[in-house]
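Subject: Structure for your review

Dear colleague,

Please find below the structure that I am handing over to you. My notes on what was found in it follow directly after.

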Amino acid sequence: MSASGHKRDSARERILAAAVGQIAREGIDGVRIARIAMEARVSTALIHYHFETRDALLAEALDYSYQRAGEARIAGDEELPAASHAQRLQSMIDGCLPTTPALTEDWVLWVELWLRAARHPDLRPVAEQLYARLHACFRDEIADGIRQGEFIGCDPAEVADRTMALIDGYGIRTLIGDGAVPLERARKAVSSALAHDLGLGEKLVAQAGEPAPRAARAASRPVRTAPSI
């Protein structure tokens with residue numbers, strides 16, 4: 001890539017990062033192109049060059065946020081455990097809950113997307129697409145675990161939907177600081193429900209020194225990576 005091409009890509013990324021931060025702080029309706037330009041150190045003309053409309057910028061900023069969080073949600077070989085599909089699913093759950101400051105910011109963006117999509121039908125396809133990609137990651141990981149005998153037979157798509165619904169429900173209460181649902185309770189509740197669906201008993205992943213869940217004992221070789229997003 002030429003130096004000028006790299007510079008354009010860098011400017012575009014700075015614009016998206018600035019938009020993400022502004023959405024998290026001010027909400028979608030509070031986003032101002034001039035402020036994004038100032039934070040990204042570009043001109044407003046350059047923003048309009050890259051994005052035809054404000055809504056196009058907002059939609060891509062939300063997608064950028066999702067992609068940025070992808071390493072935490074569905075990581076590569078070096079980051080996700082390879083011992084079992086159950087361990088990989090636990091890592092995915094941890095990456096979908098507001099477990100770090102960066103993921104907390106991403107959660108704020110998701111809430112903004114939900115509200116915006118509820119009021120503006122043109123953003124609904126964006127929300128649906130992001131959910132579909134995350135759903136596919138959970139579904140495929142569960143399906144692989146069934147094929148390899150680690151989990152009992154179940155409907156991977158249905159279990160993925162239920163898991164994501166629990167993540168959303170518990171996650172939003174953790175996000176707002178609900179004292180009845182601290183992060184560890186949310187994490188444990190989602191993991192336990194998924195473990196039950198997969199025939200693993202009460203826990204998705206055993207603690208150190210505990211026997212592995214009964215169905216997970218069948219897993220005897222490393223698993224393939226989850227699909228990248």
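Is Glu26 buried, partly exposed or exposed? Glu26 counts as partly exposed, because its relative accessibility is 44% (buried means under 20% relative accessible area, exposed over 50%, and partly exposed in between, with a 1.4 Å probe and protein chains only).

Two remarks on the basis of these notes come before the rest. This is a predicted model, in which local features need pLDDT of at least 70 and side-chain atom pairs count only at pLDDT 80 or more, while totals for chains, interfaces and linings use all residues. Residues are numbered from 1 along each chain as its sequence is written, and side-chain values use heavy atoms, with hydrogens and water left out.

Salt bridges

A salt bridge is taken here as a side-chain nitrogen of Lys or Arg within 4 Å of a carboxyl oxygen of Asp or Glu. The count by this rule is 11. One of them joins Glu26 to Arg35, with 3.8 Å between the closest N and O atoms; Arg35 is partly exposed, at 34% relative accessibility. Another joins Asp178 and Arg173, at 2.8 Å from N to O. Asp178 is partly exposed at 24%, and Arg173 is partly exposed at 34%.

Arg187 and Asp94 also form a salt bridge, their closest N and O atoms lying 2.6 Å apart. This pair links distant parts of the chain, 93 residues apart: Arg187 belongs to helix H9 (residues 183-197) and Asp94 to helix H5 (residues 85-96). (Helices, H or I of at least four residues, are DSSP runs numbered from the N terminus.) Arg187 is partly exposed, with a relative accessible area of 27%, whereas Asp94 is among the buried residues of H5. Together with Glu184, these two residues make up a network of salt bridges.

Of the 12 residues in H5, 10 are buried, including His85, Leu89 and Ile93.

Just after H8, Gly177 has a positive phi of about 80°.

Yours sincerely

Notes: Helix = DSSP H or I, 4+ residues; strand = E, 2+ residues; numbered from the N terminus.
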